Amino acid sequence: MGAFYFISARTDMIDDVMPLEKETAILTARWEIASKHLDRKVAIDTYVPAGLTQGQLPSLLLINDGQNMDELGLVEMLGSLLEDGRIHPVVCVGIHAGEERKMEYGTAAVPDYMGRGAKAELYTLFVFEELLPFVRKKLDIPQFKEKTFAGFSLGGLSALDIVWAHPHEFTKVGVFSGALWWRSIDQDDPNYDDDQHRIMHQLVREGEYAYWLKFFFETGTLDETNDRNNNGIIDSIDDTVSLMEELARKGYDRDRDMVYLELANGRHDVETWAIAMPVFLEWAFGRGRKG
């Protein structure tokens, strides 16, 4: 079932830039974008390798729920991996979630059965029409080697949905404890069926194969306790593995195109995702990887 790892865990735009506090090999700054699509100011944090030279072509990593990156330890993580020569230069952009997170994240084509994700299409437009032009202009990097999107929980579903719907814009996606249960009818409805009503699974089933896309999935064995089909496997793991099976049926190779990281005792929290993130960064941007 793919490359598996099991680890024991313990546009009007505001020009004012607000430096973040920490100083490392990573240059950090906080910006605000006055988004017309979302009708709110969106804070973003940028993380740029200090040694980036003029004309150098770094990769770009967009991260949903960017407000949690300090708790995640992203600055130190990136600095260590770059200083050790374990990853190629990558610019990270942490996108802060707003008060309507459950409306802006989700699947753009189909809201869930409670109407959540109704603004996911607007969030997608924000990413392409406001965020990316802003980042290119402010960082003076007109082009990136490749673009990757990552997110946690519902933010992971959002990242996957955006990448899947716009494969020519991205090469990889990272989904940490993804809300892949996202469904079109209530699971308590007598007509509910996993194969028919999990939205992201259905979108993959109906979508087109893009040979260059790569997928990273992380779950924790203590992500949740729900087991709706009583098969002894928690839903977050079940939903993730079955989505990988959908990708395999679509044509993606389990070993070449997908990685599944399962953390023993890993929970649905930032502490667990901080353990998984360096694995993801080396997979996505590592100097030893092919492609």
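This is a chat about contacts in a predicted model.

Reader: Ok, let's start with Ala97. Where does Ala97 lie?

Author: Ala97 sits in the loop between strand E6 (90-95) and helix H3 (101-104).

Reader: And what does Ala97 touch, if we skip residues up to four places away in sequence?

Author: Leaving those out, Ala97 touches Arg40, Asp65, Gln67 and Tyr105.

Reader: Is Ala97 buried or exposed, or partly exposed?

Author: Partly exposed, since its relative accessible area is 22% and buried would need under 20%.

Reader: Asp65 came up there. Which residue forms a salt bridge with Asp65?

Author: That's Arg101, and the closest N and O atoms of the two are 2.8 Å apart. Arg101 is in helix H3, while Asp65 is in the loop between strand E5 (59-64) and helix H1 (69-72), so the pair ties together parts that are 36 residues apart in sequence.

Reader: How many salt bridges does the count come to?

Author: The count comes to 17 salt bridges. One of them joins Asp194 and Arg228, at 2.9 Å from N to O. Asp194 is in helix H6 (residues 194-197) and Arg228 in the loop between strand E9 (214-222) and helix H8 (235-250), so this pair links distant parts of the chain, 34 residues apart.

Reader: Which residues are linked with Asp194 in a network of salt bridges?

Author: The network links Asp194, Arg198, Arg228, Asp235 and Asp239.

Reader: Switching topic: where is Asp45, and what about its side chain?

Author: Asp45 has its place in strand E4 (residues 40-49). It is buried, with a relative accessible area of 2%. Its side chain makes a polar contact of 2.5 Å with the side chain of Arg30, and another of 2.9 Å with that of His96.

Reader: Tell me about Phe215. Is Phe215 buried or exposed?

Author: Buried, with a relative accessible area of 1%.

Reader: How many aromatic pairs does the structure hold?

Author: It holds 19. In one of these pairs, the rings of Phe215 and Tyr252 have centres 5.0 Å apart and planes at 80°, so the pair is edge-to-face. Phe215 lies in strand E9 and Tyr252 in the loop between H8 and strand E10 (258-267), so parts 37 residues apart in sequence are tied together.

Reader: And what about Phe280 and Trp283?

Author: Their ring centres are 5.9 Å apart and their planes at 35°, so that pair is tilted. Both residues are in helix H9 (residues 270-285), 3 residues apart, about one turn of the helix. Phe280 counts as buried at 0% relative accessibility, and Trp283 counts as buried at 18%.

Reader: Which residues do ring pairs link into a cluster?

Author: Phe152, Phe176, Phe216, Trp273, Phe280 and Trp283 are the ones linked into a cluster.

Note on methods
Residues are numbered from 1 along each chain as its sequence is written. This is a predicted model: local features need pLDDT of at least 70, side-chain atom pairs count only at pLDDT 80 or more; totals for chains, interfaces and linings use all residues. Side-chain values use heavy atoms; hydrogens and water are left out. Helices (H or I, at least four residues) and strands (E, at least two) are DSSP runs, numbered from the N terminus. Buried means under 20% relative accessible area, exposed over 50%, partly exposed in between (1.4 Å probe, protein chains only). Contact means heavy atoms within 4.5 Å. A salt bridge is a side-chain nitrogen of Lys or Arg within 4 Å of a carboxyl oxygen of Asp or Glu. A polar contact is a pair of N or O atoms within 3.5 Å; within protein, one must be able to donate a hydrogen and the other to accept it, and residues adjacent in sequence count only if both atoms are side-chain atoms. Rings of Phe, Tyr and Trp (its six-membered ring) pair if their centres lie within 6.5 Å; planes under 30 degrees apart count as stacked, over 60 as edge-to-face and the rest as tilted.
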